[in-house]
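Q: Could you take a close look at one part of this structure for me, the aromatic rings and what surrounds them? I'd like the geometry with the cut-offs spelled out.

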Amino acid sequence: MIFGFNAAEVFQIAVEIEENGKTFYEKALAKIDDPDVQAIFKDLALQEVEHKKKFMELKAKLPQQASQPTVFDPNNEMANYLKMMADGHVFRTSDNVDRKLAQVKDAVDALRMAMEFEKDSVIFFLSMQDATEEEKGRQFIGLLVKEEQEHLRRLAVQLKKMTH
């Protein structure tokens, strides 16, 4: 392991990503007219709210050492690296959400974009899980991955129905 991030930092970024996911799903509803996709997006927007709550609860339950830096970092370089990694996420900022939404023309576009969001979330959380040294934090981050994988599965099933 090259970098050692603490789980509390990862959970804070998870909260921000979930907020932007909720924003995407809600705003995308206005751009699509397929009732099945609308139903999925409404449900996923609600789930993002629940995930945010869950992630905040999990962050609060982390043992104190999970909030401590895992290496000596007087210049806050680890936090900066973590931010850079998260900034690569498709929906890291609300500006990214608006830019991506401008590209959505129909329900298939919206589904593909939602899948990109969920896939980026899985990849981000897996990379952060690998970079987190504290075992309890690694387990909690594993819960994030499972939640996002389920979203991705649902979206992929719907996209397949619409394109095959």
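A: Searching the whole structure turns up four aromatic pairs, where rings of Phe, Tyr and Trp (its six-membered ring) pair if their centres lie within 6.5 Å, with planes under 30 degrees apart called stacked, over 60 edge-to-face and the rest tilted. Take phenylalanine 24 and tyrosine 25: the ring centres sit 5.4 Å apart with the planes at 65°, so this pair is edge-to-face. Tyrosine 25 also pairs with phenylalanine 41, at 5.0 Å between centres and 70° between planes, so that one is edge-to-face too. Since tyrosine 25 is in helix α1 and phenylalanine 41 in helix α2, the pair ties together parts 16 residues apart in sequence; helices here are DSSP runs (H or I, at least four residues), numbered from the N terminus.

Just so you know, this is a predicted model: local features need pLDDT of at least 70, side-chain atom pairs count only at pLDDT 80 or more, and totals for chains, interfaces and linings use all residues. Residues are numbered from 1 along each chain as its sequence is written, and side-chain values use heavy atoms, leaving out hydrogens and water.

Back to the rings: Phe24, Tyr25, Phe41 and Phe117 make up one aromatic cluster. Phenylalanine 24 and tyrosine 25 are both buried, as is phenylalanine 41, buried being under 20% relative accessible area (1.4 Å probe, protein chains only). Leaving aside neighbours within four places in sequence, tyrosine 25 has contacts (heavy atoms within 4.5 Å) that include Leu44, Ala45, Glu48 and Leu155.

Note on methods: Buried means under 20% relative accessible area, exposed over 50%, partly exposed in between (1.4 Å probe, protein chains only). Helices (H or I, at least four residues) and strands (E, at least two) are DSSP runs, numbered from the N terminus.
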